[in-house]
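Have the viewer open and follow along.

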Amino acid sequence: MDSNPQTLPVNMTPDELGRIITRQEKLFVLDVRNETEFKDWKIEGQALEIINIPYFDLLDSVEPALNRIPAGERLLVVCAKEGSSRFIAERIAEAGRSEVHYLEGGMKRWGEHLVPVKAGDLKNGGEVYQFNRLGKGCLSYMIVSDGEAVVVDAARMAQPYIDFARERGIRIQHVVDTHLHADHISGGRELAGRTGASYFLPPQDADEVVFSYLPLTEGRDIRIGHTDVRPIYSPGHTLGSTTLLVDDRYLLTGDILFVASIGRPDLAGKAEDWVGDLRNTLYGLYSGLPEELIVLPAHFGTVAEMDRTGAVSAKLGDLYRQNPGLKLEDEQTFRQTVTEHLPPQPHAYREIRQTNMGKISPDEETQREMETGPNRCAVHD
Ligand SMILES: [Fe+2]
């Protein structure tokens, strides 16, 4: 092995990769996982170019990779856990390439990494933070007013929210799930347990839930500091799906409405039953709300939905002009589009729902595996 330290590959942390993606910086990625894993789920970024050459095809020689990696560009090699990418990165560096990195913790850690960005201010002081789980396309929120916070649709990992709050002297008072999630394991209950916060869930989604919770119900506002969080019943993605109106300005739409698409109504096998609810929510309830409201969804479809700060948001009025899912006025067209353009079910969605109901308690490694892959909450156009 070349002993010149300049040719050794350098680790890149998920944090650094998150910064590169949110700032839309250039990066060339070589993913050495097998083709099936790559096709199912990969790193995405606006200024990012990515190729897949499986590890076993590079074991004898990295020549096939060298031919395809542009010289002089920052390179990141990734694999599932780190080991293989580190090995390949070393061979590439030895071959004389500079700026070679491998991803610390591999896709396993990338899938769990959260990037907090400020998504807006509140009228009487306070902020809305969006936590972007870049590796999965999941968005969660911490709304802060006068040192108190409510966390919405928390990811499985509770620690990043606890650390973020502690560093800023914020007390997490309430934790809310806008619906019973099927694409990711909710960290809501754990977060509430560890911080002493109350945990809210829509009662219509909680039939089979085996733990105690507070009902997230229209007419029962949640107050933090000087700010009101108003639940609005908006079924369609699930029977209980509930939208949150924050400060009369921000509309947390959960998995009902995204920036470039709309939610899917089928995750409990109820596509036919819920498609009418979804239509009423999008074309009845939401279309009657002020155009100026800022939509903050629970997912994004592609990195193109992020602005230069890394935040994903849009004005409700703009979405009625641009989002294809909001241009399906005709009931038959809507019904057809929503039931026929469904992406595959997320991995292990049945087990994820059961975990979120408290009926099963898989260990951490199993939970991690259950969540592997992208979110599939949206209807494809
Ligand atoms: Fe969902």
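What follows is a short tour of this predicted model, starting at the metal.

**The iron site**

Which residues hold the iron ion? The donors are His 179 and His 237, each through NE2, and Asp 255 through OD, at 1.9 to 2.4 Å. Along the sequence the donor residues follow the spacing H-x57-H-x17-D. His 237 sits in the loop between strand 14 (227–233) and strand 15 (242–246), while Asp 255 sits in the loop between strand 16 (250–254) and helix 8 (271–285), so this pair ties together parts that are 18 residues apart in sequence. His 237 counts as buried, at 1% relative accessibility, and Asp 255 is buried too, with a relative accessible area of 1%.

**Strand 14 and its partners**

Strand 14 has turned up already as one side of the His 237 loop, and its pairing is worth a look. Strand 13 (residues 222–224) pairs with strand 14 in the antiparallel sense, over three bridges. In that pairing, Ile 224 has Thr 227 of strand 14 as its bridge partner. The hairpin formed by strand 13 and strand 14 has two residues between the strands, and Gly 225 there takes a positive phi near 50 degrees. Strand 14 also runs antiparallel to strand 15, and five bridges join the two. Pro 231 has Leu 244 in strand 15 as its bridge partner.

Now zoom in on Thr 227, which belongs to strand 14. Is Thr 227 buried or exposed? With 1% relative accessibility, Thr 227 counts as buried, the cut-off being under 20%. Its side chain makes a polar contact of 3.3 Å with the side chain of Ser 145. Setting aside residues up to four places away in sequence, Thr 227 touches Leu 122, Ser 145, Ile 222, Val 246 and Asp 247.

| Helix | Residues | Buried residues |
|---|---|---|
| Helix 7 | 188–195 | Gly 188, Leu 191 and Ala 192 |
| Helix 12 | 364–371 | Gln 367, Arg 368, Met 370 and Glu 371 |

Where do these residues point? In helix 12, the buried residues fall within an arc of 160 degrees when seen down the axis, so they line one face of the helix. The buried residues of helix 7, Gly 188, Leu 191 and Ala 192, cover an arc of only 100 degrees around the axis, which puts them on the same side of helix 7. As background, an α-helix has 3.6 residues a turn, so residues three or four places apart point the same way.

As for what packs against these faces, the buried residues of helix 7 meet strand 9 (148–152), helix 6 (159–167), strand 10 (171–176) and strand 11 (198–201). Over on helix 12, the cover for the buried residues includes helix 5 (106–110), strand 7 (127–133) and helix 11 (349–356).

**Glu 371 up close**

The last stop is Glu 371, in helix 12. Glu 371 is buried, with a relative accessible area of 3%. What does its side chain reach? The side chain of Glu 371 gets to the backbone nitrogen of Ile 185 at 2.7 Å. Leaving aside neighbours within four places in sequence, Glu 371 is in contact with Arg 133, Lys 136, Arg 156, His 184 and Ile 185.

Note on methods. Residues numbered from 1 in each chain as written. Predicted model: local features only at pLDDT ≥ 70, side-chain atom pairs only at ≥ 80, totals over all residues. Heavy atoms only, no water. Buried < 20%, exposed > 50% of the residue type's maximum accessible area, 1.4 Å probe, protein only. Helix = DSSP H or I, 4+ residues; strand = E, 2+ residues; numbered from the N terminus. Arc of directions from axis to C-beta. Contact = heavy atoms within 4.5 Å. Donors = N, O, S within 2.8 Å, 3.2 Å for Na, K, Ca; no water. Polar contact = N/O pair within 3.5 Å; in protein donor to acceptor, adjacent residues only side chain to side chain. Pairing = 2+ DSSP bridges.
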